[in-house]
Amino acid sequence: MRRDTWTVDRGRYPDAVTPWERSRWRDEALEWAEGALAAHGLRASGPCEVRLRPWSVLVRMPVEGHDAVWFKANPSASAFEAGLTEALARWVPEHVLEPLAVDADRGWFLLPDGGPLLRDVLGAGADTPRIWEDMLRRYADVQRTLGPYTREIAALGVPRMPPAALPDVFDRIVDENTALGPGDRRTLRASRLRLVDWCAELAGVGIADSLDHSDLHDGQIFAPAPDRFTFFDWGDAAVGHPFCSLLVPARSARERYGPGVLPRLRDAYLEPWTRTGLTAAELRRAVSLAWRLAAIGRACAWGRLFTAGTAGGATAAGGEQSAGWLRELFTEPPL
């Protein structure tokens with residue numbers, strides 16, 4: 001494969017600084033990916049498509065006589081995704097992609113193609129809330145399966161953010177976020193006692209921690225066949241209350257179908273959790289609390305991936321995103 005033939009997509013971050021700009025890093029990464037392909041009897045062919053974002057370098061590599069593969073490299077804040085992806089392929093193999101190769105130390109991994117995205121399937125005419133309901137039931141099953149592995153997941157470097165830890169996380173990101181004005185800080189700090197109460201109540205419900213994808217929208221899910229979903233892109237993940245995962249997909253579906261869809265999606269997601277012995281009212285209350293608290297995880301993810309000096313001018317954009325989630329924390333959940 002020629003090393004000087006690729007197209008580059010920088011999205012909304014044209015000035016983001018990534019390791020792709022360093023020729024030595026670029027050559028080492030491509031050489032590693034080509035070697036991993038060779039170990040599977042495959043050979044790269046044709047120009048690559050490179051997608052550069054402050055939070056990752058993603059390279060689509062055409063393969064001779066085979067579907068394309070995807071090389072991904074994460075910055076240190078989310079380098080755990082490589083090892084986590086490898087571990088998930090052992091623990092929930094039917095719901096994730098099995099990587100072709102992983103270099104956990106460098107945060108590199110190589111994935112096969114996963115088929116059509118859920119977003120594309122919806123756009124092709126299968127646009128119905130029923131698909132979202134089925135997906136959320138399946139995802140909840142994955143979380144229930146992963147519950148016993150939380151120690152192993154955290155040991156891979158995935159951030160731990162159980163409800164009891166969220167007030168301290170909140171304090172840190174409020175202090176560090178330069179996009180917040182003095183009025184924002186006063187308002188947020190004045191509401192901290194409410195946050196502490198919510199965290200204590202959610203922890204007391206009795207649902208064990210699990211893996212929270214934290215950014216589960218229709219572009220992070222493959223839908224290769226009817227009623228089959230493959231979850232990927234775990235760079236924002238955390239170990240925490242599983243119900244925090246509902247925020248992002250529910251918001252995405254609300255944009256497509258309106259707020260009336262939310263009770264259906266909530267109840268579909270909660271269906272696998274009824275086997276815990278909790279009542280429907282208890283589960284719904286827990287989801288309402290987790291909806292609020294999930295905003296802390298989203299703010300934290302944006303903050304850790306846009307640290308000063310690592311993303312050029314995009315650092316300010318990351319700070320604004322993080323601040324927006326913090327402001328949303330104290331709005332009434334629409335569930």
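Tutor: In what follows, a residue is called buried when its relative accessible area is under 20%, exposed when it is over 50%, and partly exposed in between. The structure is a predicted model.

Student: How many salt bridges does the count come to, and which residues are linked in a network of them?
Tutor: By the rule applied here, which asks for a side-chain nitrogen of Lys or Arg within 4 Å of a carboxyl oxygen of Asp or Glu, the count comes to 30 salt bridges. The network links R130, E133, D134, R137, R264 and E271.

Student: How many residues apart in sequence are the parts that the pair R119 and D218 ties together?
Tutor: The side chains of R119 and D218 meet in a salt bridge, with 3.0 Å from N to O. R119 belongs to helix 3 (residues 118-123), whereas D218 sits in the loop between strand 8 and strand 9. R119 is partly exposed at 40% relative accessibility, and D218 is buried, with a relative accessible area of 7%. Because the partners come from these two elements, the separation in sequence of the parts they tie together is 99 residues.

Student: What is the corresponding separation for the pair D141 and R275?
Tutor: Here too the side chains meet in a salt bridge, at 3.3 Å from N to O. D141 lies in helix 4 (residues 129-146) and R275 in the loop between helix 10 (262-270) and helix 11 (280-305), so the pair ties together parts whose separation in sequence is 134 residues.

Student: D212 also carries a charge; which side chain of opposite charge is nearest to it, and how far away is it?
Tutor: D212 is found in strand 8 (residues 210-212), and it is buried yet has no salt bridge. A salt bridge would need the charged atoms within 4 Å, and the nearest side chain of opposite charge lies beyond that cut-off, because it is R298, at a distance of 7.8 Å.

Student: With which side chain does the side chain of D212 make a polar contact?
Tutor: Leaving aside residues up to four places away in sequence, D212 touches several residues, including Y139, Q143, H241 and C244. A polar atom of the D212 side chain also lies 2.8 Å from the backbone nitrogen of S214. The polar contact between side chains, at 2.6 Å, is with S245.

Student: How far from C199 is the nearest cysteine sulfur, that of C244?
Tutor: A disulfide needs two cysteine sulfur atoms within 2.5 Å, and by this rule the count comes to zero disulfides. C199 is in no disulfide, and it is buried with a relative accessible area of 3%. C244, likewise buried, has a relative accessible area of 10%. The distance from C199 to the sulfur of C244 is 8.9 Å.

Student: Turning to the strands, which residue in strand 6 stands opposite W70?
Tutor: Strand 3 (residues 56-63) and strand 4 (residues 66-73) pair in the antiparallel sense over six bridges, and within that pairing W70 in strand 4 is the bridge partner of R60. Strand 4 also pairs with strand 6 (residues 108-112), again antiparallel, over five bridges. The residue of strand 6 that stands opposite W70 is L111.

Student: In strand 11, which residue is the bridge partner of L211?
Tutor: An open sheet of three strands, with mixed pairing, has the order 7-11-8, and its edge strands are strand 7 (160-161) and strand 8. Strand 8 runs antiparallel to strand 11 (residues 238-240), and three bridges join them. Within strand 11, the bridge partner of L211 is V239.

Definitions and conventions: Residues are numbered from 1 along each chain as its sequence is written. This is a predicted model: local features need pLDDT of at least 70, side-chain atom pairs count only at pLDDT 80 or more; totals for chains, interfaces and linings use all residues. Side-chain values use heavy atoms; hydrogens and water are left out. Helices (H or I, at least four residues) and strands (E, at least two) are DSSP runs, numbered from the N terminus. Buried means under 20% relative accessible area, exposed over 50%, partly exposed in between (1.4 Å probe, protein chains only). Lys and Arg count as positive and Asp and Glu as negative; His and the chain ends are not counted. A polar contact is a pair of N or O atoms within 3.5 Å; within protein, one must be able to donate a hydrogen and the other to accept it, and residues adjacent in sequence count only if both atoms are side-chain atoms. Contact means heavy atoms within 4.5 Å. Two strands pair if DSSP finds at least two bridges between them.
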